[in-house]
Amino acid sequence: MAALALAPVSRETELRLDRYTALLREWQAKTKLVGPSTLPHLWTRHIADSLQLLALAPSAKIWVDLGSGGGFPGVVLACALADTPGAEVHLVERNAKKAAFLREALRITSAPGVVHLAEIRDIVDRFAGPADCVTARALAPLNQLIYFAEPLVRKGAKALFLKGQDVEAELTEATKYWKFQPKLHSSRTSGQGWIVEIDQIDRRA
C-alpha cells in the first residue's frame, strides 16, 4: 500500500488499522468522523499522516491525544503501539458519539488506549501520570492548543501538533501570548502540512 510506504508499520499493525478503517467507514454514515471528501484518501490523508508522529518520538509510550474525534492521530498511534510494553494512548473527546466510536475502535483493534469523555482542560489539569507526548490534529489554532497542552508540557511532555499551510500565521499569533521554541517538521504525507514540535512553554507576562 502506497500510503504505508510513507510510514511503514508491521503486518500486525496493518491488520489492526484495517479493522479500524472498516469501522470508521461504517460509522461515518451516521456520525461524521472525517471530511467526506477525504474518505477515498483515508490511508494517506489520515492514517499515514498520524503514523509519521512516531518517528519524532520513537521512545514515547504514554500519549495524550486532545480532541481525538475520529481517532486521528490517537487510535492510529494506539494501533501502532499495541506491541510496545507499557504503551497507552489517552484519547480526550467531549462529543459522546465520537467517544463511543473511539471506545469501539480500541476494542476491536485491541489497541492500548483509554477514552476520556470530558472537556480537554479538565483532563490535562488533573492528569495524574506524566505523559511522553501530547498531540492534536485539526482541533484548534496553535495559540489554543498551547493553552490546552501547557500543563502536560510543564511536566515533561513533548507537544506534536499537526498543522496545515497557515502554520506561520498561527505561530506569529501564538508568540503574542506564549514563549516557546518550535521545531517545524515538513509533513511526509501533505505538501502543505507541518508538524509543530514544542518542548517548553512559558506564558508571556
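Residues are numbered from 1 along each chain as its sequence is written, and side-chain values use heavy atoms, with hydrogens and water left out. In this predicted model, local features need pLDDT of at least 70 and side-chain atom pairs count only at pLDDT 80 or more, while totals for chains, interfaces and linings use all residues.

User: How many disulfides does the count come to?

Analyst: A disulfide is a pair of cysteine sulfur atoms within 2.5 Å. The cysteine sulfur closest to that of C79 is in C133, 17 Å away, so the pair is too far apart for a bond. The count comes to 0 disulfides.

User: Is C133 buried or exposed?

Analyst: Buried means under 20% relative accessible area, exposed over 50%, partly exposed in between (1.4 Å probe, protein chains only). C79 has 0% and counts as buried. C133 has 1% relative accessibility, so C133 counts as buried.

User: With which side chain does the side chain of T135 make a polar contact?

Analyst: T135 lies in strand β4, residues 133–137; strands (E, at least two residues) and helices (H or I, at least four) are DSSP runs, numbered from the N terminus. T135 is buried at 0% relative accessibility. A polar contact is a pair of N or O atoms within 3.5 Å; within protein, one must be able to donate a hydrogen and the other to accept it, and residues adjacent in sequence count only if both atoms are side-chain atoms. At 2.8 Å, the partner is the side chain of D65.

User: Which strands stand at the edges of the sheet?

Analyst: Two strands pair if DSSP finds at least two bridges between them. The open sheet has 7 strands in the order β3-β2-β1-β4-β5-β8-β7, with mixed pairing. Two of them have a single partner strand each, so one side of each is left without a neighbour in the sheet: β3 (113–117) and β7 (183–186).

User: In which sense do β5 and β8 pair?

Analyst: Strand β5 covers residues 158–163 and strand β8 covers residues 194–198. L162 stands opposite I195 in β8, and F161 has V196 as its bridge partner there. Over 5 bridges, the sense is antiparallel.

User: What angle does the direction of helix α7 make with that of β5?

Analyst: Helix α7 (residues 142–154) packs on the sheet and touches β1 (62–66), β4, β5 and β8; contact means heavy atoms within 4.5 Å. Axes are lines fitted to C-alpha atoms, for helices over the stretch in contact, and angles run from 0 to 180 degrees between N-to-C directions. The angle is about 160 degrees.
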